[in-house]
Amino acid sequence: MPEPTKKEEPNKEKEAGTTPAKEWSLGESPGGEEQDKQNANSQLSTLLIEKPQSGTVKVGENITFIAKVKAEDLLRKPTIKWFKGKWMDLASKAGKHLQLKESFERHSRVYTFEMQIIKAKENFAGNYRCEVTYKDKFDSSSFDLEVRESTGTTPNIDIRSAFKRSGEGQEDAGELDFSGLLKRREVKQQEEEPEIDVWELLKNANPSEYEKIAFQYGITDLRGMLKRLKRMRRVEKKSAAFAKILDPAYQVDKGGRVRFVVELADPKLEVKWYKNGQEIRPSTKYIFEHKGCERIMFINNCALTDDSEYYVTAGDEKCSTELFVREPPIMVTKQLEDTNAYCGERVELECEVSEDDANVKWFKNGEEIIPGPKSRYRIKREGKKHILIIEGATKADTAEYSVMTTGGQSSAKLSVDLKPLKILTPLTDQTVNIGKEICLKCEISEHIPGKWTKNGLPVQESDRLKIVHKGRIHKLVIANALTEDEGDYVFAPDAYSITLPAKVHVVDPPKIILDGLDADNTVTVIAGNKLRLEIPISGEPPPKAIWSRADKAIAEGGGRIRAESYPDSSTLVIDVAERDDSGVYHINLKNEAGEAHASIKIKVVDIPDPPVAPKVTEVGDDWCIMNWEPPVYDGGSPILGYFIERKKKQSSRWMRLNFELCKETTFEPKKMIEGVAYEVRIFAVNAVGVSKPSMPSKPFVPLAVTSPPTLLTVDSVTDTTVTMKWRPPDQIGAAGLDGYVLEYCFEGTEDWIVANTDLIDKTKFTITGLPTDAKIFVRVKAINAAGASEPKYYSQPIVVREVIEAPKIRIPRHLKQTYIRRVGEAVNLVIPFQGKPRPELIWKKDGAEIDKNQINIRNSETDTIIFIRKAERSHSGKYDLEVKVDKFVDTASIDIQIVDRPGPPELVKIEDVWGENVALTWIPPKDDGNATITGYTIQKADKKSMEWFTVIEHYHRTNATITELVIGNEYYFRVFSENMCGLSEDATMTKESAMIAKDGKIYKNPVYDDFDFTEAPMFTQPLVNTYAVAGYNATLNCSVRGNPKPKITWMKNKVAIVDDPRYRMFSNQGVCTLEIRKPSPYDGGTYCCRAVNDLGEVEMECKLEVKVIYQGLNTPGQPVFLEGQQQSLHSKDF
C-alpha cells in the first residue's frame, strides 16, 4: 500500500534566503525519508511511546489511528488533542464520520487514545496532528491520511495535458508544475545554486574522499551507492532489442523529476518497466511516453523511497539502472525573533525550517544547548516548527540564542528583567460589628515582605492582632473587634513606593425589644377599634425600621395602616381595625452593623360569620330534628353557642325557640301544626357578640305516618316465590303516601327480612328466592315523609309450594276466523292463556318451526304475541300454538292470509265484430293476489287518440259484449283484474283492433313490404389517442351505429375488460364511454372497442398514456404486467 508523501505548499510568503514550506499530498510515497523523520521525532518525544502512523484507506472504508502515553510518572490523565491541518480541532467534529476514544490499561499503566474515521470520503485526505500535554510537558506527532478511489483503478485522465512547465531560472525549472491539478507553486526567492552531479563526483573521486562527499551532499546510504557504483563499472553486452539502453545511474533531488529513456531496435516490441522486481503501472507519479522507437518513463515528485534499482524489458532482454535521490539541505524559513521577558516567565523561541521533523541544533552564546530531565531548557517540534522553551526565566538567561541546520542558521537576543510590581488584590474598606474579626487582606505580584501602619503608626502584634505573610498574600487579622480598632490602615511593600490603604469602621448591630408582649408575640384588638403598637429599638448608628406584611412594605405617613418612626422606638398604627388586618406583621431594623428581624401576630376579633343554613333531617306530627355546621369564621374567638328561631313559611315573623345558648349543633323544635310549612334559622354567639342569622332552612312540614295497609292476601305461590297483594291505608294524612315495604320472616324466627330494596308504588309484590316447602309470615308497611306506618300482618303462615293449574288458551273472537292483512301491513296478534307454573309455549307454521328472522314471537307469563313488521305473502298459512304445563297441554290454531293486488288477465281476444258491437273473451290471471278474483274492469280506446275510457266495472264473467261503438272508428280494448285489494296494476290489451265498418263497399288497405332497417356495426366517431394524469379519472369516447343494436366489448391489450371495479362503461344514443378510475402508469396501453351484431363486427383502437407528476415534471408511465396477471374490465351488452 503506497504511503502519503509531501509536496510543496502553495501561496505562502517566504522570507529571503529560505526555501518554501512543504505539505502532505496524495498518491506519493516518502519511504525511508518518512521513517527517518519519525525516528527523529521519537528521540525528542517525552510523552508518546507510540505515535499514530500515516495510512491509506479506500473511499467508504474505516481507518483507526492510535497514540499511546506511558503513565508511570503522571499523576493524572494527560490532555490530548487531534487536529487536521494546522488549526482545525477535531473534538468539535466528532459524530457520524469521526469518533474519538480513550482507554487505560491498569497493569501496564498505558493510556491509549484512538481516532477512528468512519466511511472515509475523498476530502478527508490530508495532514493530521496529535498533541499531548501534561502540566509543563508537551509532545506532538504528525501523520497523513490518503483516501483512494474505491474501485482501485487509476482515473482515466490525460496527465500530460494537466501539467505545464514552470518558469525559467527557478530551482524547479524543467520539472513538471502541478498547478493544473493542485494549487499554484511558490516562486522561490533564493538564488539557485549550480546543480552538482554527486554520482559523477563519486566515480571520479578517490575512495578516501567518499565519506567527505557523502557528508557534504547529505548522502545517507554511502555503502549502497558504492555497491551500485561497482556494478555500473561492468561492461554491458550489446543488446539486440535495445538500440540505446538506460544510463548506468541517475541522480535527482528529493521532490524533483527524473526521465528514463531507452531506444528500441524494433518499435513493435512491448516494453515493461520494473522497480525492485515489481512492474510499474502508469499513474500520476509514473508517466509513460512513446516517441518513435524511444520509450520514456517520467518519475514525478521523487522521494527517498524511489532510491532503488529500475529495469526495463523488451521481449526477452532487459536493461537496468540505479536511481539516487539526494535530500536537499535543510533551510531556515522563519527566523528567530528578539524577545523580552520578565523573571519567572516561560519563554518560547520559535523558528521554522524547510522540512518536517528535521534535525536542528540550539546554541546559547555559541554553546550548544543539550536538554535533559533536570534542565530548564526543553525543545519542542511541531512539523516544521522548532521551539526552545525556557521555564521560569531568570536574568542569567539573558543571552544570544541561535539555531543551526544543514543549510542555514538564525539567531536572536533574549532579555530578561525584573517584573513591575502589580497589585492583584488591594485592601478594601471594612465595617465590622463589635466582637467580630477584622481581616485586612491584599495580594501583590511578587513574593516580597512589607509593613503595616495604623493612623501613621506601625502596627505591633499582640494576642488579638496577628500579621500573616504567605507568598504573595499579606493579612492583618484582629480578633474580637473593639471601637478603638477603628482607623486608617496602610500596607507598604518593601523596596517599592506603593501603599495599599483601607479604612476600618466598627459598628453596633440593631436590636428589637419585645419585653412588653406575651410569650407568642400576639396582640389582640376588637374589630372597629384603633391599634397603636409601639416597639422599643436600639442600635448605633440609629437603625431604620421597616414594617411589612406578606412581603409588602407598610409606608410611613398617611393611610389606615401606617408606620411611625422615633429615635428609640417604632410604632405600627391601624385605624379602625378590620377582620382582614389579622396576620403576622414583620419589623426589620437595618444599619451599617447589620439587621434585626421580629414577627408580631395581630389578632382582630369580631362577631362570627353566620352559620350555613340548617338541615331538617327528621319530622313528626308536631316536631322535627335539625342540625347545622359551625360557621366558617368564628370571629377570632371560640363559639360559645347558638340561638334558634322559627317561622311559618307564609309569615315574616320569627320566633326564638331557646333563651339559653345551645351548645350542640342539633336541636328539636316542638309544638308545630301538622301540615303547615315551617322554616328555621341559626345565630352563632362568641365572646364579641351575636352573628348575623343564617340563611333559612328548606321549608319542611310536620307530618304523621299513615294507618296500616288493609286486606293483605296471597295472590299466587310457586316453589320459590310468593306474590302478595293488599289495599291502601284507610288514613293517609297530610304527608301523603310514598310507597310500601314488604317484609317476611320464616316460621320459628323473629328476623324480619325486607323483600323490596326500593319502595313499591303498586299494591302487589312477589317475594323471590324462597326455599321450597318453607313457611313464612308476611307483613306490609306504608311509607310517607313522616316514616313507616304500623305493619299489617298476614294472619297465618304461607307454605312455599307451587299449585299446578292446567293451561288454557283463550283465542280472541276475531282470530277464530281467517286473519287477513295486505302485503306491507304489520301483523300484531296477542293470544292470552292461563296456567301455572309458567307454561312452555311452542309455535309452528304449517307444521314446521317458525323462522324467527322473519317472524318475532314474544312470550310473557299470561300471553304470547306474534309480530310481523312488514307482512309478505309468504307469511300466509296456518299457525299452531301449543301451551304446556307439566303433563297438561292445550293447543290452538290461527289462519293468517296475506293478500295483494292481482295480476292482469293472461290473454284478451276479439271474438267477433258486428255492427256497433264487439265480443271479447279473456283468460283469468295466473296470480290472483292470494285472494278470490271479485271481477274485471273493461276499457276501450280509439286508435287515433288512444285515450282510455271505462266501459264495464266489477264484471264477473270472462267474456263480454261491448255495444254502442262509433261506426268508422277503430278500437283497442284492455281488461283489469280485481280482488279485495283492488285492481291489478297492469291491464292486458288486445293485440288486434276492432274496426266498426260502415255499410256498403269494403275498402281494403294496400299491402306494403316492410323496409329493411338492418345494418352492420359502423363507428361514426373513432377513438383518439389520449394522455391522462395519474390519480385523475380518464375517459375514452366513440360513437357506433348498427341494427340490430350491436353488443359493445372493451378490451385492453387484446384482453377483454370484465368485472373490474376500476372501469365503468356507458352507452347512450350510440355514444360509448369507458371511464378509468384514478389511473396509474400500469393502466397505460392500447384500448380497443368492439361492436358486434348479426351482420358483422368492427373494432376501433387507441393508445392511452398515463403521466406521473413528480415535483412539477410529467413522467409518462407504461403498463407493467406481472407474471401470471390478467387485467380485465367489465363489459356491458348494448
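Strand β5 (residues 63–70) runs antiparallel to β9, and eight bridges hold the pairing; two strands count as paired if DSSP finds at least two bridges between them. Strands here are DSSP runs of E with at least two residues, numbered from the N terminus. The model is predicted, so local features need pLDDT of at least 70 and side-chain atom pairs count only at pLDDT 80 or more, while totals for chains, interfaces and linings use all residues. Residues are numbered from 1 along each chain as its sequence is written, and side-chain values use heavy atoms, with hydrogens and water left out.

## Around β9

Strand β9 spans residues 110–117, and seven of its eight residues are buried. Buried means under 20% relative accessible area, exposed means over 50%, and partly exposed lies in between (1.4 Å probe, protein chains only). Strand β8 (residues 98–105) also joins β9, again antiparallel and through eight bridges. E105 stands opposite V110 in β9. In the hairpin of β8 and β9, four residues lie between the strands, and R109 takes a positive phi near 50°.

## A covered strand, β46

Which residues of β46 are buried on each of its faces? On one side they are S569, T571 and V573, and on the other S570, L572 and I574. Such a pattern has a simple background: in a regular strand the side chains alternate between the two faces of the sheet. Because six of the six residues of β46 (residues 569–574) are buried, the strand is largely enclosed by the rest of the structure.

Two strands pair with β46. Strand β42 (residues 531–540) runs antiparallel to β46 over six bridges, with P536 as the bridge partner of S569. Strand β45 (residues 561–566) is likewise antiparallel to β46, with six bridges, and here Y566 is the bridge partner of S569. β45 and β46 form a hairpin with two residues between them.

## Two open sheets

Two bridges connect β32 with β34 (residues 438–444) in the antiparallel sense, and T425 stands opposite E443 in β34.

Another open sheet has five strands in the order β15-β22-β21-β17-β18, with mixed pairing. Strands β15 (249–253) and β18 (278–279) stand at the edges with a single partner strand each, so one side of each has no neighbour in the sheet. Strand β17 (residues 271–275) and β18 run antiparallel and are joined by two bridges; Y274 has E279 in β18 as its bridge partner.

## Salt bridges

Side chains of opposite charge can pair when their charged atoms come close. A salt bridge is counted when a side-chain nitrogen of Lys or Arg is within 4 Å of a carboxyl oxygen of Asp or Glu. A search of the whole structure finds 44 salt bridges. Three of them are shown here.

| Pair | N to O distance |
|---|---|
| D306 and K275 | 3.4 Å |
| K285 and D306 | 2.9 Å |
| R346 and E391 | 3.3 Å |

What does the pair of D306 and K275 link? The pair links distant parts of the chain, 31 residues apart: D306 is in the loop between β20 (294–299) and β21 (309–314), and K275 is in strand β17. Both D306 and K275 are buried. K285, in the loop between β18 and β19 (286–291), lies 21 residues from D306. K285 counts as buried because its relative accessibility is 6%, and D306 does so at 1%.

R346 lies in the loop between β24 (339–342) and β25 (347–353), and E391 in the loop between β29 (385–390) and β30 (399–404), so this pair ties together parts 45 residues apart in sequence. R346 is partly exposed, with a relative accessible area of 39%, and E391 is partly exposed at 23%. Elsewhere, salt bridges that share partners join K530, R532, R562, E564 and D575 into one network.
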